[in-house]
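Dear colleague,

I am passing on the structure below, together with some notes on what was found in it. Please keep it open while you read.

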Amino acid sequence: MAIYDAIGTTYTTTRRPDHRIGAQIAAALGDARSVINVGAGAGSYEPPQTVLAVEPSAVMIGQRPAGSARVVQARAEALPVADGAADAVMALLTVHHWADLDAGIAELRRVARRRIVILTWDQPAFRRFWLVNEYLPQAAAFDDTRAVPVQQLAELLGGARVEPVPVPHDCTDGFGAAYWRRPEAYLDPAVRSGISMLAQVGDAALRPGLQRLAADLRDGRWHDRHRDLVRREDFDAGYRLVVADR
Ligand SMILES: C[S@@+](CC[C@H](N)C(=O)[O-])C[C@H]1O[C@@H](n2cnc3c(N)ncnc32)[C@H](O)[C@@H]1O
């Protein structure tokens, strides 16, 4: 069973594409006239020129809005399309889930005629994010086991440029660090279930850290410690766009 058949049932409740991140992805895709979205999930950030979405989870496919691009149930490691099938291929917040990274990236290179755009995160930078650094070390340890080093991705792609993706304070896509300035959100089970790092570690292991966070929010300790953050509009939590030309 695809992992997102289990953890993705309420994905679109909290994971709505953010228009600022969307603009950065669109700029990275440039003038590509056809795009294949690999690990497409419910279709976030798919531009109008998307010709195909590839997604292994039926639960995620079921959440694609009516009228989205054609979708095929398959994995990155074996894309059911011809060589050079699209100008660009994008893979957003998905490479850390792949069973065989090398095979998946080789497939992206086989299929993209001109450009590959990957959204991922830099784990050493992400580890400094207050949620995992101060409260949920189990989540950081879990991500250590699956995060793909950005340098490794760039090498597998045969060279790439890397852009930071700042997270707006009101980011609408509820991924791991989306709520960096809204700490109460992490106490909401619906928010946690939309973040695979937290959903896969599970509430039992996270409970002591979450209880500490709740207490620190009640008595003002979190705000005292993070005054500098509360004044910021966006934050670099380690998310990166990796862009390769063919
Ligand atoms: C965090 S979601 C991201 C979905 C979408 N790209 C987005 O930005 O909202 C990760 C997605 O990767 C998919 N996935 C997991 N393993 C995969 C694989 N081997 N090949 C392709 N997609 C995979 C999951 O089913 C899930 O839909």
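**Around the ligand**

A shell of 23 residues surrounds the ligand, and the closest are Y4, G39, G41, S44 and H97; a residue belongs to such a surrounding if its C-beta atom, placed from the backbone, lies within 6 Å of the molecule. By class, this shell holds 12 nonpolar, 7 polar and 4 charged residues, where Ala, Val, Leu, Ile, Met, Phe, Trp, Tyr, Cys and Pro count as nonpolar, Asp, Glu, Lys and Arg as charged, and the others, Gly among them, as polar.

Before going further, please note that this is a predicted model, in which local features need pLDDT of at least 70 and side-chain atom pairs count only at pLDDT 80 or more, while totals for chains, interfaces and linings use all residues. Residues are numbered from 1 along each chain as its sequence is written.

**The sheet**

An open sheet of 7 strands runs in the order β3-β2-β1-β4-β5-β9-β6, with mixed pairing. Helices (H or I, at least four residues) and strands (E, at least two) are DSSP runs numbered from the N terminus, and two strands pair if DSSP finds at least two bridges between them. The edge strands, each pairing on one side only, are β3 (71-72) and β6 (161-164).

Strand β9 is antiparallel to β5, to which 7 bridges join it, and also antiparallel to β6, with 4 bridges.

**W121 in β5**

W121 lies in strand β5 (residues 112-121), and W121 is buried because 22 other C-beta atoms lie within 10 Å. Leaving aside residues up to four places away in sequence, W121 touches F126, A147, G238, Y239 and R240, a contact being two C-beta atoms, placed from the backbone, within 7 Å. W121 and R240 are 119 residues apart along the chain, yet their C-alpha atoms are separated by 5.2 Å.

**Two helices with a buried side**

In helix α3 (residues 19-29), the buried residues are I21, I25, A28 and L29. They are on the same side of α3 because they cover an arc of only 100° around the axis, the arc being that of the directions from the helix axis to the C-beta atoms. H19, A23 and A27 are exposed on the other side of α3. The cover over the buried residues of α3 includes β1 (35-38), β4 (86-92), β5 and β9 (239-245), and just after this helix G30 takes a positive phi of about 60°.

In helix α8 (residues 137-146), A139, A140 and D143 are the buried residues. Seen down the axis of α8, they fall within an arc of 100°, so they line one face of the helix. The face turned away from that buried side carries the exposed residues P137, D144 and T145, while α6 (123-126), α7 (130-135), α11 (196-201) and α12 (203-218) are among the elements that cover the buried residues of α8.

Definitions and conventions:
A residue is buried if 20 or more other C-beta atoms lie within 10 Å of its own, exposed if 12 or fewer, and partly exposed in between; C-beta atoms are placed from the backbone.
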